[in-house]
Amino acid sequence: MERPITVGVDGSPGSLAAADWAAVEATRRGLPLRLVHAWITEPLYVPPAPDEMAARALLDRVARDLVERHPAGPPPDIATEVITDVATNGLIHAAAGAEMLVLGTRGHGAFVGFLLGSVGLPVIAHARRPVVLVRANATERAPGEEGDEPDEIVVGIKDAGPAARALLDFAFTAALARGAAVRAVRAWGTPSLFSAEVPGSLEENAGAARDLETVEGRVLTDVLAPWRERSPRVRVIEHPGYGNAAETLLSAAAPRGALVVVGRRVHRRTLGMRIGPVTHAALHHARSPVAVVPYHGENDDDE
């Protein structure tokens, strides 16, 4: 049975942008779309929970609006569900049966990124399926719409094992669905906090620096080889570079990145909010939607 693309809806501008993005992505992939709303108020707050009938009316209205706004290609199937739970728990459970969970965020400026709020971060940290964050002011080309430049799915590759497989599977699936290229980014070295330039110690030993760059570039080429063979229609751009991983990824995504794909290791024995520094930076500073893909480490047991 096909997993739906599930989107959390609360009536905010961010959630409506997320619903638009999810509807277009569902159409591209031929997947059902599921709109969900958790109507129980978070226990931290004093006001009473909103009326369940109002929650159902909200979902019905958003579903109708999606069909009207996407008459040339609405999702093949739109379902709505009111979840009798607080938002964090409800969305984490909703994600479990989804191809991906799509959430809206409050963007604060065209170049600044996301404000995650009290719901987004715990959902990202604990969901076992990919979570896509969409800003309130995000725009999305409809399937078949032409643009001056092709889209790029920009994916950060740090580890060559399970993390790379999970992230590249998501990135290449997204690229095939929209006819985009995949830009695979791998950063090496840790620059000074005050400069992105190669330190003098490396410049003095230029041969060692070139050798390291060659090694890192070969790792990226090797990781991508099976995916190039599996998806020959997808243009692949290798983007190795010296520097801070988060800065390198964000710079690579700035020109034409339609989606940034980052990873989050699944920590089975922790209740914390650990998502990693690169993922954290992408969520707060990327201009485009960000997909956070969970993965297990080499020695983790799959569930």
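## Helices α8 and α9

Helix α8 (residues 245-253) and helix α9 (residues 277-285) make a right-handed crossing. A crossing is right-handed if the near helix is turned clockwise from the far one by less than a right angle, and left-handed if anticlockwise. Helices here are DSSP runs of H or I with at least four residues, strands are runs of E with at least two, and both are numbered from the N terminus. This is a predicted model, in which local features need pLDDT of at least 70 and side-chain atom pairs count only at pLDDT 80 or more, while totals for chains, interfaces and linings use all residues. Residues are numbered from 1 along each chain as its sequence is written, and side-chain values use heavy atoms, with hydrogens and water left out.

Two packed helices are described by the angle between their axes and the distance between the axes. The axes of α8 and α9 cross at roughly 40° and come within 9 Å; they are lines fitted to C-alpha atoms over the stretch in contact, and angles run from 0 to 180 degrees between N-to-C directions. The two helices are therefore oblique to each other. Angles under 35 degrees count as roughly parallel, over 145 as roughly antiparallel, 65 to 115 as roughly perpendicular, and the rest as oblique.

From α8, Ala-245, Ala-246, Leu-249 and Leu-250 meet Val-278, Ala-281, Ala-282 and His-285 of α9, where contact means heavy atoms within 4.5 Å. This contact has seven nonpolar residues, one polar and no charged. Ala, Val, Leu, Ile, Met, Phe, Trp, Tyr, Cys and Pro count as nonpolar, Asp, Glu, Lys and Arg as charged, and the others, Gly among them, as polar.

## Helix α1 and its partners

Helix α1 (residues 13-29) packs against helix α2 (residues 52-69) at an angle of about 50°, with the axes 11 Å apart. These two helices are therefore oblique to each other, and α1 passes α2 in a right-handed crossing. Leu-16, Ala-19, Asp-20 and Ala-23 of α1 make the contact with Val-62, Leu-66 and Arg-69 of α2. By class, the residues divide into five nonpolar, no polar and two charged.

The axes of α1 and helix α5 (residues 162-178) come within 8 Å and cross at roughly 80°, which makes α1 roughly perpendicular to α5. Trp-21, Glu-25, Arg-28 and Arg-29 of α1 are in contact with Phe-170, Thr-173, Ala-174, Ala-177 and Arg-178 of α5. Here the classes are four nonpolar, one polar and four charged.

## Two arginines in strand β8

Arg-183 lies in strand β8 (residues 181-188). With a relative accessible area of 15%, Arg-183 is buried; buried means under 20%, exposed over 50%, and partly exposed in between (1.4 Å probe, protein chains only). The side chains of Arg-183 and His-239 are joined by a polar contact of 3.0 Å. Such a contact is a pair of N or O atoms within 3.5 Å; within protein, one must be able to donate a hydrogen and the other to accept it, and residues adjacent in sequence count only if both atoms are side-chain atoms.

Arg-186 is also found in strand β8 and counts as buried at 13% relative accessibility. Its side chain makes a polar contact of 2.7 Å with the side chain of Glu-216. Beyond neighbours within four places in sequence, the residues in contact with Arg-186 include Asp-159, Val-219 and His-239.

## The whole chain

The protein chain has nine helices and eleven strands. Of its 303 residues, 45% count as buried.
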